[in-house]
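Please open the model in your viewer and keep the selection panel at hand. The tour below moves from one selection to the next and says what to look for at each stop.

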Amino acid sequence: MALIEVAGLKKEYRIGEETIRAVDNINLKIKKGEMIAIVGPSGSGKSTLMHLIGALDKPSKGTISINGKDITTLTDGQAAKFRNRTIGFIFQTFNLVPTLSAEENVRLPLALRGITGKAANKLAKSALDSVGLKGRAKHRPNELSGGELQRVAIARAIINNPPIILADEPTGNLDSKTGVSIMNMLRALNRAGHTLVIVTHNKAHAKLASRTIQFLDGKIISDESTANRSASQAGA
Amino acid sequence: MKRFNKPKVDSIFSTIRDNLATTLEFAKIGFRNLTRQKTRTILTSGAITIGVVLIIVMVSLGVGVNQWLVSQLSDQMDLTSVMVLSKQAAGKTGSMNIFGGENDTSKSTADSPLLTDSTMNSFYDIPNVELVTPMTTISVDLAKLDGKTINSPMVAAMPLRENDPYVQESITGDYHVTSEDPSKVVLTTFFLRRVEGISEPYDSLIGKTIELTVPTKIAPTGFLSTTVESETLTLTIGAVVNVGLDNTDMIINIDKSTELLAAATELTTEEFLSKVGYFTATVKVDSPAHTEEVAAIIEEMGFVTTTTQDLLSTINDMLKVVQVSLSSFGVIALVVATLGIANTMVMAIFERTREIGIMKAIGASKGTIRWMFLVESSLIGLLGGVTGVIIGAVAMPLFNLFIGNYLSGLGISAGDGLFVLPIWLIAATIGLAILIATIAGIYPAQKASKLDPIKAIKYE
């Protein structure tokens, strides 16, 4: 059974008179332990799909099953709990709370599930250790570099040990060298058992994934494992 | 316009119940947010502070004045006394001066009983009555003592017995003398403080004489009356007493006063007593528990009674009204403060839209966001409330000092102070401040909880 199973998924927006189909009849299966790169031009529906899988948004039509359970019918409270336990979000713009230190940012998902105090401190410390930010725990976001910010965001995403990590252009705001190190970190998470879905514009980064799905106008136009693709495009 | 949904109170309470630790974490974050915008927080909670200070000062003044009055009155007027007036005297709107105005009160209440010697005796038949003291007052134009003239002294006439409850403190001499001796007078410290050149100790005054100019014939002139004829009464000072808050200047023999009053109305003493009677009587009972019972029996006999307990409860009621009206200013200030808090919190939503989106992405439900904002606005209330209580608690001893000094200059003891800050008031005002701030946060919290997380995350 696929970990993530998307069937007949549609998401339409109305802007004035016009109806925009952000996601148009998508069918997709993602197995546990896969690392998926979603590529495609801006506005092709990549981010919308991520939001739908992450239960931040509800589809106009279709179902999304995670571990066999449809998440499109969850109530607000259930969806919140689902995001907290099952999904780790990583964003292009890091999205840390500016008033909180690195450690406090990392602790937030724990606080939301009722883990605070020493237990939370210990977990946050080890998460920050695992992304190489041992000495930066007390720093505020404005005292950290872009790469460091994204590593704090990764620590926050993995603190509740979610099976699925959704990364929306995680290297988009980083220089190439830092971007590579972040991608390596995500690959390490994948090897550790997390299923990763990464939206990216960077073709080199997409190649690090086990499978690449290409979007255009809300539709999947190609879906191939990277091994095949790199073989077929060898020498290009 | 969008419909404003009532926040789901149940979900709020379950949030508290389930995640107290989380709530504390939110309180920490909320506090951080408040310290981030120091000026705004101070200004917003300042409105709460003003309201709290107003309420605290007004209610403490009410509580303090109440305690002070009750203690003063309980000291001065013992709780075992029943003041008795005839209905005629009571009908004269408090005026005891039979010389003043038209003497026609006997017509309207002709049937009601008078305070005569026989009624005095009948009071003794009521169980638990210990002592009955009749009293009259006479009008005196002038008093002359040691060559000093004092205008219109208050002269009362009554028998003063051993340990008489009317006497607060015997200063010098033997105050019972006036009961037997019509040529003696007992002066009060209240009077002597007003006479220039006389100061404590008052021992040297005993045996000296005081001259009183007593009108014997009066012509009514409008509201006032003019003395047509008067006589000079020379009395020997027998004692000096302190009668507390009572404004009586001196006490003379009651038979002497009845004689004077009778002469002025061209009656014999016997006729005067049977037609007019004594003005008031004080009936002392054996214990405060019997006061109301005895008062009721006397009322049934056709008299008007007042007890200290009546007076205290009347004063209490009046003070409560004053207290409530004064503290309502504070409540108005608090209500106005809610507008400020609501505005601050709505502004905070715009500033922290992205943060709200992040919180939702990492697992905050609508209820959680709502709760975060409510915690934060209640913190504004807590901050304003505690500041207000501190300001009030610091200001009160200063007020007490100034007012105490002022009052002691007037010869009045302010006791423990006129501002008394009880613990319940501190708890209640802080609680009220938090409650009001939380109410102010409901709308912003609701608004914040409804933000679309995707738009919120992308919000610049």
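A crossing is called left-handed if the near helix is turned anticlockwise from the far one by less than a right angle, and right-handed if it is turned clockwise. The helices and strands named on this tour are DSSP runs (H or I over at least four residues for helices, E over at least two for strands), numbered from the N terminus. This is a predicted model, in which local features need pLDDT of at least 70 and side-chain atom pairs count only at pLDDT 80 or more, while totals for chains, interfaces and linings use all residues. Residues are numbered from 1 along each chain as its sequence is written, and chains are lettered from A and ligands numbered from 1 in the order in which they are written.

**Stop 1: confidence along chain A**

The mean for chain A is 90, and 96% of its residues reach 70 or more. Now select residues 228-236 of chain A, where pLDDT stays under 50 and the model has three contacts beyond four places in sequence; two residues are in contact here if their C-beta atoms, placed from the backbone, lie within 7 Å.

**Stop 2: helices 5 and 6 of chain A**

Select helix 5 (residues 146-158) and helix 6 (residues 176-191) of chain A, whose axes come within 10 Å and cross at roughly 15°. Such axes are lines fitted to C-alpha atoms, for helices over the stretch in contact, and the angles run from 0 to 180 degrees between N-to-C directions. The angle makes helix 5 of chain A roughly parallel to helix 6 of chain A, on a scale where angles under 35 degrees count as roughly parallel, over 145 as roughly antiparallel, 65 to 115 as roughly perpendicular and the rest as oblique. Helix 5 of chain A passes helix 6 of chain A in a right-handed crossing. To see the contact, display Gly146(A), Gly147(A), Gln150(A), Ile154(A) and Ile158(A) from helix 5 of chain A together with Thr178(A), Ser181(A), Ile182(A), Met185(A) and Leu189(A) from helix 6 of chain A. By class, this contact has five nonpolar, five polar and no charged residues, where Ala, Val, Leu, Ile, Met, Phe, Trp, Tyr, Cys and Pro count as nonpolar, Asp, Glu, Lys and Arg as charged, and the others, Gly among them, as polar.

**Stop 3**

Next centre on Leu110(A), which lies in helix 3 (residues 102-112) of chain A. Is Leu110(A) buried or exposed? Leu110(A) counts as buried because it has 26 C-beta neighbours inside 10 Å; a residue is buried if 20 or more other C-beta atoms lie within 10 Å of its own, exposed if 12 or fewer, and partly exposed in between, with C-beta atoms placed from the backbone. Not counting residues up to four places away in sequence, Leu110(A) touches Ile115(A), Ala120(A), Leu123(A), Ile159(A) and Asn160(A).

**Stop 4: chain B**

Turn to chain B, which has 16 helices and twelve strands, and in which buried residues make up 40% of the 460 residues. Select Arg193(B), in the loop between helix 8 (189-192) and strand 8 (209-221) of chain B. Arg193(B) counts as exposed because it has 11 C-beta neighbours inside 10 Å.

Then show helix 2 and helix 14 of chain B, which pack at an angle of about 60° with their axes 9 Å apart. That makes helix 2 of chain B oblique to helix 14 of chain B, and helix 2 of chain B passes helix 14 of chain B in a right-handed crossing.

**Stop 5: where the chains meet**

Finally, display both chains: the contact takes 24 residues from chain B and 23 residues from chain A. On the side of chain B that touches chain A, the elements that give two or more residues are helix 2 (20-36), helix 13 (353-361), helix 14 (366-409) and helix 16 (453-458) of chain B. The largest share of that side, eight residues, comes from helix 2 of chain B.

How values were computed. pLDDT = per-residue confidence, 0-100.
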